[in-house]
Amino acid sequence: MNHSLQRPPAADPLIAILGPTASGKSMLAVFLAQRLGGEVIACDSTQLYRGFDIGTAKPSERERAGIPHHLIDVLDPPEAATAGGYRDMAIRVLEDLRRRRKLPIFTVGTGLYFRALLDGLADVPQRSEELRARLRQSASEHEPGHLRRILRRLDPEAAEKIAAADEQKLIRAIEVCLLARRPISELHRSGRRALEGWHAIKIALQPERDKLYQRIHQRAGKMLDGGWLEEVGRLVASGALEESKALDFIGYRELHRVLDGEMDIEQARMAIQQATRRYAKRQMTWFRRETGVHRFAGFGDDAALQNDVLQVVERELADAARGPEEGSV
RNA sequence: GGACGGGUGGGUGAGUGGCUAAAACCAGCAGACUGUAAAUCUGCCGCUCCUUGCGGGCUACGAAGGUUCGAAUCCUUCCCCGUCCA
């Protein structure tokens, strides 16, 4: 409990680029990697999956420019990505990069995963599909509010914090209480184990909203022109789409409906643009409250911005190399 | 030219005398989120004032008049739109 008081063994730096979708994280990451001897690590819940390429905006070979990229294409569709699973994989990559003396550069789109990596997760049971199925079944057989009532019995404090309509979070909380035989709020209070041995330099991209939305619109068009529908067709044919949670991914669900004839491509395009806008907004909300961040108003592919970021990062790296100073919290 | 149907807040669209600044949904904005997170959920959403209150004022349901204590809702005329008949 008091290891936060003892001086950490010299922490190695890692860089994290936070930004909404289409803000140019990948390009900035490659730029920094080239100049600082780094490698890129994606922190994106969808890019983990093989076969989902166009719609998840994975950087192409050309865009990667010879820089190794990690945590892209590491899961097959039936496997479920989770925050904890991501953390484990990311830690392994970090250890690998440390051994090879490469600077880790994260491109962060999924705020939860990044927080799980840096701050850790409470020591709670993992998900149980069987239990969830039973809870969902039970919820459908009872009046609304059923799950909330169950949770209130198990953990009134948690029930207070979760909205009655938020089935997903209610189920997770009940699941944890049941499996751990302890209230989830108590487990959360007992703390999380933060990442040790690393010091994060956080960069946030904050382009103007209008311009970002414009890019989102254009990118959706480009993705569709680039064969996105065909990609979805292949995933459907191989059965990968059905057995994955990709029906939750923006675009994949819409294009699936196009293939089923329930929607035309033009409607899909607009639905994709809109869903992406909302997603970007949620990302911005999440990143806004991230602390200790160097914020840059612009896109990651802007040369001037890239140089500004490089300067800030170089300064931070130099400070860090001088050793941990007493002022650092 | 005639017969119907219709014009409601950014959009779709309820509302047919007071409980209506006007349902619902969408869009938009703000926010929450410790193992589904590109997910899930919450709040706000005409303008304005303040002593921020189930508060006050103003504007609003195509336009202008009228009826009424009171009208998005009833009446008259006009202007648009749609369908049908000529």
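Predicted model: local features only at pLDDT ≥ 70, side-chain atom pairs only at ≥ 80, totals over all residues.
Before I start, a word on classes: Ala, Val, Leu, Ile, Met, Phe, Trp, Tyr, Cys and Pro count here as nonpolar, Asp, Glu, Lys and Arg as charged, and the others, with Gly among them, as polar.

Let me begin with RNA strand B, which is surrounded by 47 residues, the closest being Ser45, Thr56, Gly84, Ala122 and Ala163. By class, the surface near RNA strand B is made up of 16 nonpolar, 16 polar and 15 charged residues. Helix H3 (83–99), H8 and helix H13 (265–288) each supply at least two residues of that surface, and the largest share, ten residues, belongs to H13.

Next, staying with H8, which spans residues 167–180, we find that its axis comes within 10 Å of the axis of helix H6 (residues 146–154), and that the two cross at roughly 35° in a left-handed manner. On the H6 side the contact is made by Leu147, Arg148, Ile150, Leu151 and Leu154, which meet Glu167, Leu170, Ile171, Ala173, Ile174 and Cys177 of H8. Nine of the residues in this contact are nonpolar and two are charged, with no polar ones.

Finally, which residues of helix H11 (residues 228–237) are buried? They are Trp228, Leu229, Glu231, Val232 and Leu235, and because they fall within an arc of 155° when seen down the axis of H11, they line one face of the helix. Their cover includes helix H10 (209–225) and helix H12 (252–259), whereas Glu230 and Ala237, on the other side of H11, are exposed. Just after H11, glycine 239 adopts a positive phi of about 85°.

Key. Residues numbered from 1 in each chain as written. Chains lettered and ligands numbered in written order. Axes fitted to C-alpha atoms, helices over the stretch in contact; angles between N-to-C directions. Helix = DSSP H or I, 4+ residues; strand = E, 2+ residues; numbered from the N terminus. Left-handed = near helix turned anticlockwise from the far one by under 90°. Contact = placed C-beta atoms within 7 Å. Near = placed C-beta within 6 Å. Buried ≥ 20, exposed ≤ 12 C-beta atoms within 10 Å, placed from the backbone. Arc of directions from axis to C-beta.
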